[in-house]
Amino acid sequence: RGAAAERRGVVASFVADFQTAVKYVYTNTRRHKASYCVGFFTVFLVVGFMSLMQTAIVRSPIIFMKLAEDEVGEFDLVATPAVGGGITGGLTGGGGGGGGG
């Protein structure tokens with residue numbers, strides 16, 4: 001019985017502290033609207049920038065693959081002169097299936 005009463009006291013104290021904090025934030029926001037707007041905009045900007053960076057990191061392998069394809073010209077087979085003679089020595093597979101485009 002003592003533990004339950006103590007738990008209720010902790011919860012009541014937490015609720016009272018939370019209500020005080022909300023009241024303080026509400027009052028401060030009404031008094032200093034410019035500071036609130038600057039803070040809100042800053043958080044919005046940081047979250048947007050971090051989302052953009054996360055998307056760039058996730059998509060970077062696709063970007064590098066496209067750059068590599070553009071550099072080689074999207075060929076599946078590249079013929080180069082063989083040093084030791086013979087035509088088969090100079091053929092190298094580009095790997096990957098055909099493309100079309």
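Colleague: What is the relative accessible area of Y36?

Modeller: Y36 has a relative accessible area of 45%, and therefore counts as partly exposed (buried is under 20%, exposed over 50% and partly exposed in between, with a 1.4 Å probe and protein chains only). Please keep in mind that this is a predicted model, in which local features need a pLDDT of at least 70 and side-chain atom pairs count only at pLDDT 80 or more, while totals for chains, interfaces and linings use all residues. Residues are numbered from 1 along each chain as its sequence is written, and side-chain values use heavy atoms, leaving out hydrogens and water.

The chain has two helices and two strands (DSSP runs numbered from the N terminus, H or I of at least four residues for helices and E of at least two for strands), and along the sequence they follow the pattern α-α-β-β. Of the 101 residues in the chain, 1% are buried, and the accessible surface comes to about 9100 Å², with 67% of it belonging to carbon and sulfur atoms (Shrake-Rupley method, 1.4 Å probe; for residues, only the protein chains shown count as cover).

Two aromatic pairs are present in the structure (ring centres of Phe, Tyr or the six-membered ring of Trp within 6.5 Å; planes under 30 degrees apart are stacked, over 60 edge-to-face, the rest tilted). F14 and F18 are stacked, because their ring centres are 6.3 Å apart and their planes meet at 20 degrees; these residues lie four apart in helix α1, which separates them by about one helical turn. F14 is exposed, at 56% relative accessibility, and F18 is likewise exposed, at 52%. The pair that involves your residue is Y36 with F40, also stacked, at 6.3 Å centre to centre and 25 degrees between the planes. Y36 and F40 are four residues apart in helix α2 (residues 33-72), so about one helical turn separates them, and F40 is exposed, at 54% relative accessibility. In an α-helix there are 3.6 residues a turn, so residues three or four places apart point the same way.

As for confidence, the chain averages a pLDDT of 79, and 72% of the residues score at least 70 (pLDDT is the predictor's confidence in each residue, from 0 to 100). Confidence is highest in α1, at 88, and lowest in strand β2 (residues 91-93), at a mean of 51.
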